[in-house]
Amino acid sequence: MFALQTKLRMKINSTHVLYFTLSAFLDTDMLSYFFFFILLVLYVLIIGSNVLLIVVICVNRSLHEPMFLFLCSLFVNELYGSLGLFPFLLVQILSDVHIIPAPLCLLQIFCIYTYGSVEFANLAVMSYDRYVAICRPLQYHSLMTARRITFLISITWLPPLFCVGFTVFLSSSLQLCGNVINKVYCDNHSIIKLACNDPTANNIYELIMAFLTVCVPVSVILYTYLRILQVCFSGSEQTRQKAVSTCTPHLASVINFSFGVSFEILQSRFNMDTVPGLLRTIFPLYYLTCQPLFNPVLYGLNMSRIRSMCKKLLLRKM
C-alpha cells in the first residue's frame with residue numbers, strides 16, 4: 001500500500017520534472033581539470049579539422065564533385081554532433097552538481113540522435129556514389145546530376161530531423177517517476193525507463209526508428225560493397241586499385257562508427273553492471289568523440305586531392 005501511494009505521489013509530481021541528474025560522472029577531484037583540458041583540446045581539433053576541410057571543398061571548384069560534396073555534408077554533421085556534446089561535457093566536468101534542465105536534455109537528445117541518423121544516411125549515400133563510380137563508370141556523370149546530388153543530401157538530413165523530432169516529442173509527453181539518468185549525457189531510452197506508465201508505444205517507435213535510421217542505411221552499404229567486390233574480382237588491376245583507394249577510408253569510417261553505436265545500443269538495452277564503471281562511462285562517448293575527429297583525419301590523409309588542397313591553403317595563409 002505504501003509503495004502504491006509513493007508511486008502515485010511520484011506520478012502526480014512527474015509533470016514538474018524540471019531537471020535531470022546525470023549520475024555516471026565519476027568523482028575525479030583535481031583530475032577534473034586534466035579531463036577538461038583533454039576534452040577541450042579534442043574539441044578544438046574537431047572544429048579545426050572539419051572546418052578546414054569544409055572550407056577547402058567549398059572554395060575549390062575542382063572539388064565540386066559528388067564525392068566531395070557528400071564529404072562536405074559528412075564534415076558538417078561532425079561539427080553538428082560535437083556541438084551537441086562537447087560544450088555540455090566541458091561545463092559538467094568542472095561542476096560539483098551534474099544536473100541539466102529538462103528542455104536542454106531533450107535538445108541534447110535531439111542533436112545526438114539526429115547526428116547518428118544523419119551519419120549512417122550520409123555513409124550510405126557515399127557508398128552508393130562509390131558503387132556508381134566503380135560499377136557503372138560510363139554512366140556516372142549522367143546518373144550523378146546536380147538534381148540527384150541535391151536529392152541525396154536532402155534525404156540524408158530531412159528524414160532524420162523529422163523522425164528524431166517526433167521521438168523527442170513522444171518522450172517529452174511522458175509522465176516521469178524519477179529524474180536520474182545513469183549516463184554523462186542525456187539519452188532517450190534512459191528517459192523512457194523513468195516513465196510511470198507503460199512506455200510500450202515509445203519503445204516500439206524507438207525500435208522502428210532504429211531500424212529505419214540504422215539497419216536500412218547499413219543494408220545499402222552492405223549491398224553496394226558486395227557489388228563493388230564482384231566488379232573488383234572480375235575487373236582489371238586498375239579497377240581494383242581505384243576501389244581500394246576510394247573505398248578504404250569510407251569502409252574504415254563505417255566500421256568505426258558501427259562499433260561505437262553497437263556498444264551504445266547494447267549498453268542502453270541490457271544490464272552492464274559487470275562492466276567497470278570507467279568503461280561504462282567512456283565507451284558510450286566513443287562514437288560521439290572519436291568519429292568527428294576520425295573522419296577528417298582519415299579522409300584528409302588518404303585522399304590526395306584534399307591533402308594537396310589543404311597544403312596549398314595552409315601555405316597561402318603562412
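I'll take aromatic pairs first, then disulfides.

A word on the ground rules. This is a predicted model, so local features need pLDDT of at least 70 and side-chain atom pairs count only at pLDDT 80 or more, while totals for chains, interfaces and linings use all residues. Residues are numbered from 1 along each chain as its sequence is written, and side-chain values use heavy atoms, with hydrogens and water left out.

Aromatics, then. Rings of Phe, Tyr and Trp (for Trp, the six-membered ring) pair if their centres lie within 6.5 Å; planes under 30 degrees apart are stacked, over 60 edge-to-face, and the rest tilted. That rule gives 11 aromatic pairs. Take Tyr 80 and Trp 157. Their ring centres are 6.2 Å apart and the planes sit at 65 degrees, so this pair is edge-to-face. Helices here are DSSP runs of H or I with at least four residues, strands are runs of E with at least two, and both are numbered from the N terminus. Tyr 80 is in helix H3 (residues 66-83) and Trp 157 in helix H7 (residues 146-172), so the pair ties together parts 77 residues apart in sequence. Is Trp 157 buried or exposed? Buried means under 20% relative accessible area, exposed over 50%, partly exposed in between, with a 1.4 Å probe and protein chains only. Trp 157 has 19% relative accessibility, so it counts as buried.

Next, Phe 257 and Tyr 287. This aromatic pair is edge-to-face too, at 5.7 Å centre to centre and 70 degrees between the planes. Phe 257 lies in helix H10 (residues 237-269) and Tyr 287 in helix H11 (residues 277-289), so parts 30 residues apart in sequence are tied together. Both residues are buried. Ring pairs also link Phe 257 and Tyr 287 with Tyr 115 and Phe 120 in a cluster.

Now the cysteines. A disulfide is a pair of cysteine sulfur atoms within 2.5 Å. How many does the whole structure hold? Two. One joins Cys 105 to Cys 186, S to S 2.1 Å. The angle about its S-S bond is -125 degrees, and the link is left-handed. Cys 105 is buried at 0% relative accessibility; Cys 186 is buried at 1%.

The other disulfide joins Cys 177 to Cys 196, S to S 1.7 Å. That link is right-handed, with 125 degrees about the S-S bond. Both cysteines are buried. Counting bonded cysteines along the chain, the pattern is 1-3, 2-4.
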